[in-house]
Amino acid sequence: MKHLIFTILFALVYSLDYGQTTVKGSKASNGVPIMFVDSVRISQADLQKYKSDDIATITVYKDSTKFKHLDSNAIGAIYIETNQFSRKRFLNYFKSKSPEFKNLLASQQSDDSFQYVLNGEVLSKNYEGKLAAIDDKNFKSITIIRKNELVKKYGETDKALGIVIVSEVPENTPAVKK
């Protein structure tokens, strides 16, 4: 799925360059969107260095007026977060919401032994973007459960601890924001 999204992203970037537009190209943007990875502006060439499996989220902003201060010829922006960046974001957020989680993470030195469960769904891979999307607007609770309860409720056996997160599903989470 991420490979398909990544392919569509590349097609979008290159089609925007050749599509009908009234914006004159500049040396900085050439009439294409400004691109950011983990809050750092990158070029199209830099984007090719990332594998689709490294990407947690992609957000396309079509409104170029928000980015005129960065590049007057930009026709929008593409914001990408890697799994590593998203992981840091959600770990910091959960630490701020639960002293128990903060202490557990410090004692374990990583979250490798944690099985994340979001709204009853066991998250197995490529979940960083889902957890990083949780914020004060949709967060409800975080509960830590031991292995025996994890196995009993969710059938998971390869992790020592369960991190059960409850949040509202964000409304209107389109791939394109205006």
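Mentor: Leaving aside neighbours within four places in sequence, F94 is in contact (heavy atoms within 4.5 Å) with F101, Y116, L131, I134, I142 and I165. This is a predicted model, where local features need pLDDT of at least 70, side-chain atom pairs count only at 80 or more, and totals for chains, interfaces and linings use all residues. Residues are numbered from 1 along each chain as its sequence is written, and side-chain values use heavy atoms, with hydrogens and water left out.

Trainee: How do α3 and α4 cross?
Mentor: Their axes, lines fitted to C-alpha atoms over the stretch in contact, come within 5 Å and cross at roughly 125°, on a scale from 0 to 180 degrees between N-to-C directions. Helices here are DSSP runs of H or I with at least four residues, and strands are E runs of at least two.

Trainee: Which residues meet there?
Mentor: L91, F94, K95 and K97 in α3 meet P99, F101, K102 and L105 in α4.

Trainee: New topic: how many residues of β5 are buried?
Mentor: Five of its five, with buried meaning under 20% relative accessible area for a 1.4 Å probe, protein chains only. F114, Y116 and L118 point one way, while Q115 and V117 point the other way.

Trainee: And which way does β5 run beside β8?
Mentor: They run parallel, joined by five bridges; DSSP must find at least two for strands to pair. L118 stands opposite I165 in β8.

Key: Buried < 20%, exposed > 50% of the residue type's maximum accessible area, 1.4 Å probe, protein only.
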